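Hi everyone, and thanks for coming along. Have a look at the picture on the screen, and I will walk you through it piece by piece.

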Amino acid sequence: MQSPTEVLPGPGPARADMPRGDGAKLLVCFLGVFVCYFYYGILQESIMRGKYGEGEQMETFHFATSLVFLQCAINAAFAKLVMTLITKPGPDHTTWSLYGACSLSYLGAMVSSNSALQFVNYPTQVLGKSCKPIPVMALGVLLTKRRYPLTKYVCVLLIVAGVAMFMYKGQKGSDVKETGPLLGYGELLLLLSLTLDGLTGVTQDNMRIHYHTGSHAMMFYVNLCSSVLLAVASVLSGDLFEFLSFSERHPGIIVNVLLFGLASAMGQNFIFMTVVGFGPLTCSIITTTRKFFTILASVLIFANPLSPLQWSGTMLVFVGLGLDSVYGKTAKK
């Protein structure tokens, strides 16, 4: 699943990776993906890294499980609405065990990613999540014997080098909690999130290849299973009750959480529109551009300064992502 909440599209007829159709539709898709995930990123950082209250009563938001539960519930409701009113797909034959396995890795990746924001700033989280091709490739080779072209490995090496430059002594002088020179709690959570992203990608491939699972069906059932699992976990751990108590003390958080979930659901839907209408290459270019400007907005809005070395690493990561969008998409069985 792309990003913390982007679900890969389902199968469809062969499509060229070049934009086609009218320019107005492409503009709508671009603005939809860009605006929804741009706003999603701002809301995510403001929720997870915001300060609530004043003086000695000031507290932080640490209810990642409840936040992801509400996000998944909104995603599932949105997907069901689209399926009922617009797409009206046929019967789905994907097994519940496969949906359950995908949900476990999907929600684990999102909870880890959101929790990491308690320890690292948003630019670090976005750059860390940009390494997603690495576990997807590694697990694809190990579990499905998939072969990738040489250009794919070159692009991944550029991404790794950029992230290494960004992380090298990159947290000094910031307000981020540290526990070591390179890998603190936040970085370890991002590493866990990336690993689970890789497992999610392999599971989704299995769904599309063996069951031809549709895009919105995958979005609905994965988010539905995730919502059930997270509801149980948040109730048993007491996280949900603590979140409700927190919301009573700071009612303004409710609006931000609902907008956060809505931005996530609408962003996923615009990604589907882009892939179906203009191909995965165009979608990759749009999402890569969105990530860069999200980092820029985080630097400007939330005062997350980057050193020259970090800026160089950031640019190297997006060069790798851009080249991967153009040259690294072909994979062979």
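Let me begin with a term: a residue is called buried when its relative accessible area is under 20%, exposed when it is over 50%, and partly exposed in between, using a 1.4 Å probe and protein chains only. What we have here is a predicted model, where local features need pLDDT of at least 70, side-chain atom pairs count only at pLDDT 80 or more, and totals for chains, interfaces and linings use all residues. Residues are numbered from 1 along each chain as its sequence is written, and side-chain values use heavy atoms, with hydrogens and water left out.

Now, the overall layout. The chain has twelve helices and two strands; these are DSSP runs numbered from the N terminus, with helices (H or I) of at least four residues and strands (E) of at least two. Along the sequence, the pattern reads α-β-β-α-α-α-α-α-α-α-α-α-α-α. The chain has 333 residues, and 52% of them count as buried.

Let's look at one helix, H7, which covers residues 185-211. From the first C-alpha to the last, these 27 residues reach 38 Å, close to the 39 Å expected at 1.5 Å a residue. That expected span is 1.5 Å times one less than the number of residues. Just after H7 comes His212, with a positive phi of about 55 degrees.

Lys88 has a positive phi too, near 45 degrees, in a residue other than glycine. You will find Lys88 in the loop between helix H2 (64-87) and helix H3 (96-116). Is Lys88 buried or exposed? Lys88 is exposed, with 58% relative accessible area.

On to the aromatic rings. A pair of aromatic rings is described by the distance of the centres and the angle of the planes. Rings of Phe, Tyr and Trp (its six-membered ring) pair if their centres lie within 6.5 Å; planes under 30 degrees apart are stacked, over 60 edge-to-face, and the rest tilted. How many aromatic pairs does this rule give? The count comes to 14. One of them is the stacked pair of Phe34 and Phe38, at 5.7 Å centre to centre with 10 degrees between the planes. Phe34 and Phe38 are about one helical turn apart, because they are four residues apart in helix H1 (residues 23-49). In general, an α-helix has 3.6 residues a turn, so residues three or four places apart point the same way. Phe34 counts as buried at 18% relative accessibility, while Phe38 counts as partly exposed at 22%.

Tyr52 and Phe246 make another pair: their ring centres are 5.1 Å apart and their planes are at 80 degrees, so this one is edge-to-face. Tyr52 lies in strand S1 (residues 51-52) and Phe246 in helix H9 (residues 239-249), so the pair ties together parts that are 194 residues apart in sequence. Tyr52 and Phe246 are both buried. Ring pairs also link these two with Phe61, Phe63 and Phe243 into a cluster.

Next, charges. The charged end of Lys80 sits over the ring of Phe220, 5.2 Å from its centre; the rule asks for NZ of Lys or CZ of Arg within 6 Å of the ring centre and within 35 degrees of the ring normal. A salt bridge is a side-chain nitrogen of Lys or Arg within 4 Å of a carboxyl oxygen of Asp or Glu. How many salt bridges does a search of the whole structure find? The search finds one. In that bridge, the side chains of Arg249 and Glu59 meet at 2.9 Å, N to O. Arg249 lies in helix H9 and Glu59 in strand S2 (residues 59-60), so the pair ties together parts that are 190 residues apart in sequence. Arg249 is partly exposed, at 46%.

Last stop: helix H10 (residues 252-278), which gives the largest share, four residues, of a nonpolar patch. Tyr39, Val255, Leu259, Leu262 and Met266 form this patch on the surface, with about 400 Å² of accessible area together. Met266 is in helix H10 and is partly exposed, at 31%. Patch members have over 30% relative accessible area and no salt bridge; like charges are joined within 9 Å, and nonpolar side chains (Val, Leu, Ile, Met, Phe, Trp, Tyr) within 5 Å. The areas come from the Shrake-Rupley method with a 1.4 Å probe, and for residues only the protein chains shown count as cover.

Helix H10 also holds Ala265, which is buried at 0%.
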